Each structure stands twice: as structure tokens, then as C-alpha cells.
Amino acid sequence: MSIENTPQDELPPRVDLYAALIWIVIGGAIAAGAWNMDRLEHLHINKYEAPGLVPGLLGAAMLVLGGVLALRSVRRGALRPPGQAKAGEGGRRLAWVFAATLLYALVLVGHGIPFWLATFAFVAGFIGVFDADRQAGLGRGLAAQALRASVYGACTSAIVTLVFEHVFLVRLP
Amino acid sequence: MFSGLVSFWQSLASFLTFESIVYVLASSLVGVVIGALPGLTATMGVALMTTLTIKMPSNQALLVLICTYVGAIYGGSRSAILLNIPGTPASAASCLDGYALARQGLAGRAMGIATTGSVLGTLIGMFFLAWFTPLLGEVALKFGAYEFFWLAVFGVIVSATLTGGDPLKGWIAGFAGLFIATIGQDGIHALERFSFGSRDLAGGFSLVPALVGAFGFAEILVAMHEKRPPVTINPFDTVIPKLKDVWQYRRTIVRSGVIGTFIGIVPGVGEDVAAWSSYAAAKRASKNPEEFGKGSIDGLMAAETGDNACVPGAIIPVLTLQIPGSAPAAVLMAAMLIHGVKPGPMIMIESPQFVYDVVAMMLLATLGILLYGLTLTRFLIQVLRVPTTIITPMLFVLCTVGTFALASRLFDIWTMLLFGVIGFVLRHYRFPVAPLVLGIVLGDLMEKSLRRGLVLSDGDLMPFVTRPISAVLFATIVVVILLRLPAVQRLLRIGGTRG
């Protein structure tokens, strides 16, 4: 069995095969976890009320559909030698963006640093780093870039802090 | 009939305060801006605004969310027409003719048509919202565990099948969403499942942080991953809509409004399918189908009417069945639950006035987009020129603060980050996120309904397929799945050729 796919959404079959294998592992793990779950027999509950019933069925469904995806990708040539992988600039930028967001959400916020300071540092730093190419293209020097990033950071920090604390009346992290 | 009108006027009158009007103006503007910015979707806007309005009275908060939702679906047309980039997926169909008109120097006319279509589409959907909700509410009273089980499965399967892309991947994402909803204490015996000893996980993942992550943080990552070129905007003429257009395209407007509303009612499908379906129907009915894609006013009117009519349509099943018709409606439903409003089959019995409150909110949102459609063009063009690198850190701050504001828990921020990464990875590997989200929303209903149904029938599966409504839902699910199988499609093609 295979399922139709729209051409514009197609990825190399090998990528689909890797994704399928991950789903098979996840589905299998869920089904196994559900099977081994406490069935609460000591409470004399109806066997159809067992807490593992639905997760088990869902895990099995994911396992089966992962298998179908794997079979389809193999039929489409997933086992043929792969082409040259491209190292993208987007991937590197994404890694840095991800690191910056994690730094803000997991380290800077909620661990003693004042919220306004953490937000200022994050926004100014983010714009300073990731907007640098565009700014340089506009002919702005490093000092001008840093000043602009700081202004954006200060404005965001001040507005978010004031609006959340005094308008929406919520506690900041 | 008249009691409904009286209730509607009472609801509308309750919102005619200075405070409510300020909320309408502000949230419609936020919605239009979010919708206009490529990469930011209506779902993200509604999810973010849910976190911001958590301390507001329920009706005011829902007013803000509905204005944001309607505004965002409308706002997407701006970037579709001016940049050929759909501001939201719902506006993808508008790119075809909207941008073609812009290249002919008719961007202003195209924006006027988009405003006309969106306003009238919302009004048509609003009419059906007021008319259909009580009727569907009566039908919903006949639903039991078996029917709710199939309705939840139907939502996930149909969402995965119709929201574009690969249905197999959509089904996997949908089942993953249903599984995620089971994490934490089970709803019947409170046994901890898949929580690995974590006290935070024992409570399960909160819906709103998961949605903010899947549609907010994930979109930030996507926007930063795909570097967009600087925008170039065509010159434009007047944006004032013409009454002549309304009369000339009245059939398209009514047809698209009805199609959009009914697609909205189908669980989990949403505005983009509504726009494309309305567009296709207009093309079939047109005397000049060859003009579609080359600057057809008819095509643009159909797409814009259809997607905005879908918004009230998607709210109908939220109110009557507690099943969202689209991804933003799923967030709206979560917000209703957070604010203590309990949608579902009992709504016309327990709080019928609330249904008319929602209709009044929809009318105010329509006035909001009409106002901004006529006045905000130059401001929106300036907004479209703001680079992604400046907007994204600000949005991430809002995602973080907003999720924390819900319950002052750092765990909610971690949830947002986790679902952001999941959403990004799924999108990257072409797994649709909408079925995942719908699965998370419907998981609890699906599980409880299945277990209750099995207990009631003592394990007999027959009531799941023999009760009339269950049988219809089951048969529809089977047909939807079968129609996506290549063998069946080949058979249909052969049959079609011979016919």
C-alpha cells in the first residue's frame, strides 16, 4: 500500500525513510510502554478502562503508518546511493538563532536576572548579530549598527515590561 | 427568529462601550498586521493574544481574539496582492489574481476587492453562525460517546487529508497529536502516563503553550531559516471598494460565502481549503475561466470571500460540538475553556446568549477590517518593509512572556520551546502541523469517548458502526482514506476515462 503525494511536497526518499524509521521507533516505544502500563486490575475496573488502551492503539497506528511510509520511500528509491548533501547557510543561521532563543528562554529569563535586562540583551544582541549583513549593505558602520540594535532592544524591553505588568497585570518571569 | 434578533441586539449593545471599541480597534489592527506579515499566521496571532488576554473578563478577551482572528485572515491578502507572498496560508489563492492585478497597476482595486470579499464573506458566515448554531446544537444533543469518538477521529483524518501535502504524513502527525494529549494523568483513573516521574509532565502539556510553540516559535525558526529578499512593492491606485463590484460579482460572493462557511464547519479543515474551493467553484462557474490566474476580479473575490466566511463557519462546531473547524478556531476553543466558557452540545441550553455574543463579536470584527481596509494601506506597506531579523526577536519575547503569563510556570516556556522545535522539524520534513495540533486538542475527547463507549457496549464494537450518526461518520472516514489510495485513484481514473 502506498499513499499519493503532491509533487511539490516531495523530499528525497531517503529523508522520508529516516523519518519513517523514527516514527516506527516512537510508535513501537509508545505501544510497548502502554502494554506494560499498570492495568489497575487491583481496582477491579472494566478492562476497557485500562489507561494504556488508547496510547497503545495510537502507538500501534504510528508504528504501522511509519512502516507504510518506510515501504513507500523504499519503492521510491530510498536505498539508492544518496546525492551530494548541500551545507546551507540557512542551517548555520538557524543553529545560531536556536542557540540565542534557548539562551534567552532557558538561562536569561527566570533565573534571577531582571526581565527588562534579559530582554534588552536578547533583542539587542539578536538584531546586532542577525541584522548585521543588511545593515552593512546599507552602508552603516559597526557603531551605528550597535546603536540601532540597542534602541530596538531598549524599546522592546520597556514596552513589553510596562504593558505586561501594568496593562495586562501579569507577573513577568 | 425574533428572539434570536433580540438576543443579538442585546449582545451587540453590551459591547458598545468605550473599552470594547478600543479593544476592537486595537485587536483588529494587531490581526491585520500579523496576517499581513509573511510567515506569521492567524493561529500564531490568536495563540499569542490568548496569552495576553488571560486576565481580562471572558467576553472582552474573546472579543479581542475573534477580532485578531478575522483581522489576520483578512490581513493576509495585503502581502498576497503587494508581494505575491501569502501573509497567511489562507491567502495563497489570492496571490494568483491579486498579484497579477498589482502588476497591471491595479493593486488598489485588488485590495478594495479583497476588502469587499472579506467583509461580505464574514457577514455571510456570521449569518450562518447565528442560524446554524442552534440547529446544530439540537443535533449535537443526540451525540453520545460513539459519535464523539468518530467525530474526533474524523477531524484528525480530514484535517490531515485536506490541508494539503502528503495525507500519510498528515495522519502520522494527527496520531502523534492524539498521543501527546494522553501524556500525563489519565482523565478517568488519574494514573500517570509517560510522565517519567516528572511532576510537571504528570499534569500533561498545556494546550496554549504547545500552540504558541508549534505556530509561534516554529514560524520564527522557519522565517530565520529561509532568508527572504527585500520587498519591492508595485505602485497602487485607490483602495476604496466599488458598489458596482458587489453587484457584478454577487453570485460569486454568495456562492463563495456559502462554500467558505460550510468548509469551516468541517472539523480541522480551515481557511486555506475554503479559499481554494471557492476559487475553483468560481472558475468552474465563470464565463471567462481563462482569465483566472491572470488578474481575474472574480477569482480574487471568490478566494477572499471564501476564506473569511470560513472564520465564523469554523466557530460553529466549536460552539456546538467542542470540535474546532480550523487551527485558529482550536486556539479560540482553548481560550474559551481557559475563560470558563464551556462550548459543546449543551451551549444552547446553558448559555444561549453566548452564541449571540460571538455573532456580535464577529460583526464588530468585520467593522474593524472594513475600517482598516479603507485606511491603513500605507501603514501596512511600511510594516511589510520591516525585516524579519528585527521582528523575530520581539515575537520570541512575546511567545516567552505570553506562555509564562498563563500560569507563571517555567515549564510552560519549556513546552513552548519543545513544540516549537517539533513544529519546525515536522514542517521541514513536510509533515503538516495542523493535524498534530488538532490531535492535541481532540485527544482527550477521543480517548474518553472510546473508553466510555467500550465500557457501555462491554467491548462490542458494533454500536460504533451501527448507530446512524456513527455509521455516517465512520463511512465518511473510510471513504476519505480510500480516496487517497493510489489503487482507488487509478480505478476512478479508468472509470472516468471509460465514462
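Start by selecting helix α4 (residues 58–83) of chain B together with helix α14 (residues 297–321) of chain B: in this predicted model the two pack at an angle of about 160°, with their axes 10 Å apart. Helices here are DSSP runs of H or I, at least four residues, numbered from the N terminus. The axes are lines fitted to C-alpha atoms over the stretch in contact, and angles run from 0 to 180 degrees between N-to-C directions. α4(B) and α14(B) are therefore roughly antiparallel (the label for angles over 145 degrees).

Now show side chains. On the α4(B) side, pick B:Ile66, B:Tyr69, B:Val70, B:Ile73, B:Tyr74, B:Ser77 and B:Ile81; they meet B:Leu300, B:Glu304, B:Asp307, B:Asn308, B:Val311, B:Ala314 and B:Ile315 of α14(B), contact meaning heavy atoms within 4.5 Å. Color that set by type and you get 10 nonpolar, 2 polar and 2 charged residues (Ala, Val, Leu, Ile, Met, Phe, Trp, Tyr, Cys and Pro count as nonpolar, Asp, Glu, Lys and Arg as charged, the others as polar).

Next, color chain B by pLDDT, the predictor's per-residue confidence from 0 to 100: the average is 89, and 96% of the residues score at least 70. The model scores ipTM 0.90 and pTM 0.86.

Then hop to chain A, with 6 helices and 0 strands. Of its 173 residues, 40% count as buried (under 20% relative accessible area, 1.4 Å probe, protein chains only).

For finding your way, residues are numbered from 1 along each chain as its sequence is written, and chains are lettered from A in the order written. Local features need pLDDT of at least 70, side-chain atom pairs count only at pLDDT 80 or more, totals for chains, interfaces and linings use all residues, and side-chain values use heavy atoms, leaving out hydrogens and water.

Methods. Angles under 35 degrees count as roughly parallel, over 145 as roughly antiparallel, 65 to 115 as roughly perpendicular and the rest as oblique. Buried means under 20% relative accessible area, exposed over 50%, partly exposed in between (1.4 Å probe, protein chains only).
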